[in-house]
Amino acid sequence: MENALVVSTSEKSVAFFTEMLNAAGCGAVTVLKTGAETRRFFPERDLDIVIIYSPLPDESGESLSRFIASKESAQVILVVKSEYFDAVSEVTEDDGVLVIAMPVDRGLFWSTLKLAKSAQSRLRKMRTENSKLKQKIEDIRIVDRAKCLLISYLNMSEQEAHRFIEKQAMDMRASKRSVAEGVLRTYES
């Protein structure tokens with residue numbers, strides 16, 4: 001974990017969470033005190049973990065945690081009073097928010113932090129894989145559009161168009177996508 005955010009008005013909780021995050025190898029810990037401040041902070045930051053110690057002076061930690069979980073790839077840990085634990089957990093669990101009841105036990109928080117770190121790592125790998133797959137799909141679409149143009153304008157068969165793009169890519173030491181983009185520029189203009 002590189003970057004973390006602690007949202008709390010309690011100096012004692014900020015000190016505790018900062019100490020635990022530093023022990024877990026977190027690089028930078030930012031501290032904010034309100035939900036509004038946190039909402040403004042998010043569009044410009046890339047965070048790995050967010051810890052919200054509720055209640056906040058301007059909004060419930062529940063709504064803020066759900067907002068962050070829906071908008072960001074950061075793992076969210078929400079600390080709530082024990083009497084609200086079940087109700088808040090039920091509402092936030094579908095959003096992937098980890099909820100802990102007060103008082104916070106050091107061992108339990110450490111386990112939750114490790115779980116969040118593991119989930120963040122897995123999520124990051126899945127996002128990278130998803131991005132690569134989207135790129136491959138886009139490459140296939142462009143190559144297919146180019147093949148359609150070759151079929152239309154040069155009366156090639158699908159196999160001939162495919163072979164043409166492959167051969168051009170090999171001869172030019174370029175990707176099939178770049179050859180296909182050249183075909184698109186030529187025939188779509």
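Ring pairs join Phe-16, Phe-17, Tyr-53 and Phe-109 into a cluster in this predicted model. Rings of Phe, Tyr and Trp (its six-membered ring) count as a pair if their centres lie within 6.5 Å; planes under 30 degrees apart are called stacked, over 60 edge-to-face, and the rest tilted. The structure holds 5 aromatic pairs. In one of them, Phe-17 and Phe-109 lie 5.0 Å apart from centre to centre, with 45 degrees between the planes, which makes the pair tilted. This pair links distant parts of the chain, since Phe-17 belongs to helix H1 (residues 11-23) and Phe-109 to helix H5 (residues 106-154), 92 residues apart. Helices (H or I, at least four residues) and strands (E, at least two) are DSSP runs, numbered from the N terminus. Phe-17 is buried at a relative accessible area of 0%, and Phe-109 is likewise buried at 0%. Here, buried means under 20% relative accessible area, exposed over 50%, and partly exposed in between (1.4 Å probe, protein chains only). Another ring, that of Phe-67, has the charged end of Arg-39 over it, 4.4 Å from its centre; this requires NZ of Lys or CZ of Arg within 6 Å of the ring centre and within 35 degrees of the ring normal.

How far can the model be trusted? Residues are numbered from 1 along each chain as its sequence is written, and side-chain values use heavy atoms, leaving out hydrogens and water. As this is a predicted model, local features need pLDDT of at least 70 and side-chain atom pairs count only at pLDDT 80 or more, while totals for chains, interfaces and linings use all residues. The mean pLDDT (the predictor's confidence in each residue, from 0 to 100) of the chain is 89, and 98% of its residues reach 70 or more. Confidence is lowest in helix H2 (residues 35-41), with a mean of 86, and highest in helix H6 (residues 158-172), with 94.

Next comes the interior. A nonpolar core is a set of buried Ala, Val, Leu, Ile, Met, Phe, Trp, Tyr and Cys residues joined through side-chain atoms within 4.5 Å. The largest has 19 residues, of which Leu-5, Val-7, Leu-47, Val-50, Ile-52 and Ile-68 touch the most other members. Strand E1 (3-7), strand E3 (49-53), helix H3 (61-71) and strand E4 (75-80) each give two or more residues to this core. Apart from it lies another core, of 18 residues, among them Ala-4, Ala-24, Ile-51 and Phe-109. Ser-65, in helix H3, is buried at 0% relative accessible area. Beyond residues up to four places away in sequence, Ser-65 is in contact (heavy atoms within 4.5 Å) with Ile-52, Val-76, Leu-78, Thr-92 and Val-97.

The backbone has some details worth a look as well. Cis peptide bonds join Ser-54 to Pro-55, with omega about 5 degrees, and Met-102 to Pro-103, with omega about -5 degrees. Pro-55 lies in the loop between E3 and H3, while Pro-103 lies in the loop between strand E5 (98-101) and H5. Asn-155, a residue other than glycine, has a positive phi near 55 degrees. Asn-155 sits in the loop between H5 and H6 and is exposed, at 66% relative accessibility. Arg-173, not a glycine either, has a positive phi of about 55 degrees. The loop between H6 and H7 holds Arg-173, which is exposed at 81%.
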